[in-house]
Amino acid sequence: MRNGITYPTNLELIMLLLGTGTQGIPVGKLAQRVLNTITASSRDTLLQNLLKLEGIGPSKAITIAAAMEFGRRQNNHTGKQVSKPSDLIPFVHHYAMQEQEHFICVTLNGAHEIIKIRTVSVGTINKTMVHPREVFTGAIKDMAAAVILCHNHPSGNCVPSSDDIETTHRLVEAGECLGINVLDHLIITTKGFFSIKEEGLLEPSLEEELEELEEDYSSSRFVSCASANSNSLS
């Protein structure tokens with residue numbers, strides 16, 4: 001292992017997962033049978049086919065199948081083009097089963113092909129806190145042209161909260177400053193998903209902008225023209 005984990009062959013990697021062989025079946029021979037089974041199996045039939053092998057019990061079968069699934073999740077999204085929300089769901093739907101909220105940032109190139117999927121933050125059962133800095137650090141590193149935001153609702157209700165909408169607008173504005181477009185914010189559950197863009201909630205409404213202006217005015221952040229003019233004349 002002095003040369004790193006990329007050095008072993010596929011057979012040797014399986015031997016590492018198995019750890020040992022069984023009585024009458026050396027680990028090398030067992031690993032070769034496992035490798036042949038992996039090659040001949042689909043994603044849906046792998047676990048069942050592994051359990052049919054002599055010397056492979058449930059524990060080892062699950063370990064191998066889990067390693068294969070983890071590797072697939074880490075790599076099968078790279079370069080995939082996203083043209084609509086449903087294109088992304090297969091690569092993030094497993095987060096819906098988490099008991100805590102996970103906030104995910106998916107970085108995209110100019111052709112809207114996936115560069116990387118990152119977990120930005122993990123929160124409590126019903127809330128996760130996220131800062132623009134945490135979201136866009138990875139996007140800048142990837143030289144991303146755009147991002148899609150995503151988080152799960154462990155409650156099973158995919159309707160966004162007011163905090164979800166507010167966070168989305170704050171991140172859209174931050175992305176505009178950086179030249180990185182926020183294309184959508186998806187809320188996922190085990191029952192389905194909600195696209196904030198498709199529901200017309202991605203950009204702040206005119207009413208919200210007017211309310212913000214009124215709040216700024218009432219807090220004396222603006223100086224009235226009349227006051228300014230009277231001061232200049234005196």
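Visitor: Which residue stands opposite Ile114 in β2?
Guide: Leu108 does. This is a predicted model, in which local features need pLDDT of at least 70 and side-chain atom pairs count only at pLDDT 80 or more, while totals for chains, interfaces and linings use all residues. Residues are numbered from 1 along each chain as its sequence is written, and side-chain values use heavy atoms, leaving out hydrogens and water.

Visitor: What makes β1 and β2 a pair?
Guide: Two strands pair if DSSP finds at least two bridges between them; β1 (residues 102–108) and β2 have seven, in the antiparallel sense, so they qualify. Strands themselves are DSSP runs of E, at least two residues, and helices are runs of H or I, at least four, numbered from the N terminus.

Visitor: Why are β2 and β5 called edge strands?
Guide: The open sheet has five strands in the order β2-β1-β3-β4-β5, with mixed pairing. β2 (114–122) and β5 (193–195) each pair on one side only.

Visitor: What lies across this sheet, and at what angle to β4?
Guide: Helix α7 (residues 162–178) lies across β1, β3 and β4, at about 160° to β4. Helix α5 (residues 85–92) lies across β1, β2, β3, β4 and β5, at about 60° to β4. The axes are lines fitted to C-alpha atoms, for helices over the stretch in contact (heavy atoms within 4.5 Å), and angles run from 0 to 180 degrees between N-to-C directions.

Visitor: How do you know that Arg43 and Glu69 form a salt bridge?
Guide: The term requires a side-chain nitrogen of Lys or Arg within 4 Å of a carboxyl oxygen of Asp or Glu. Here N to O is 2.6 Å, so the pair meets the rule. Arg43 is in the loop between α2 and α3 and Glu69 in helix α4, so parts 26 residues apart in sequence are tied together.

Visitor: Which residue forms a salt bridge with Arg118?
Guide: Asp142, with the closest N and O atoms 2.6 Å apart. Arg118 is in strand β2 and Asp142 in the loop between α6 and β3, 24 residues apart. Asp142, at 19%, falls under the cut-off and so counts as buried.

Visitor: What is the pLDDT over residues 220–234?
Guide: It stays under 50 there, on a confidence scale from 0 to 100. Where pLDDT is low, the predicted coordinates should not be read in detail.

Conventions:
pLDDT = per-residue confidence, 0-100. Buried < 20%, exposed > 50% of the residue type's maximum accessible area, 1.4 Å probe, protein only.
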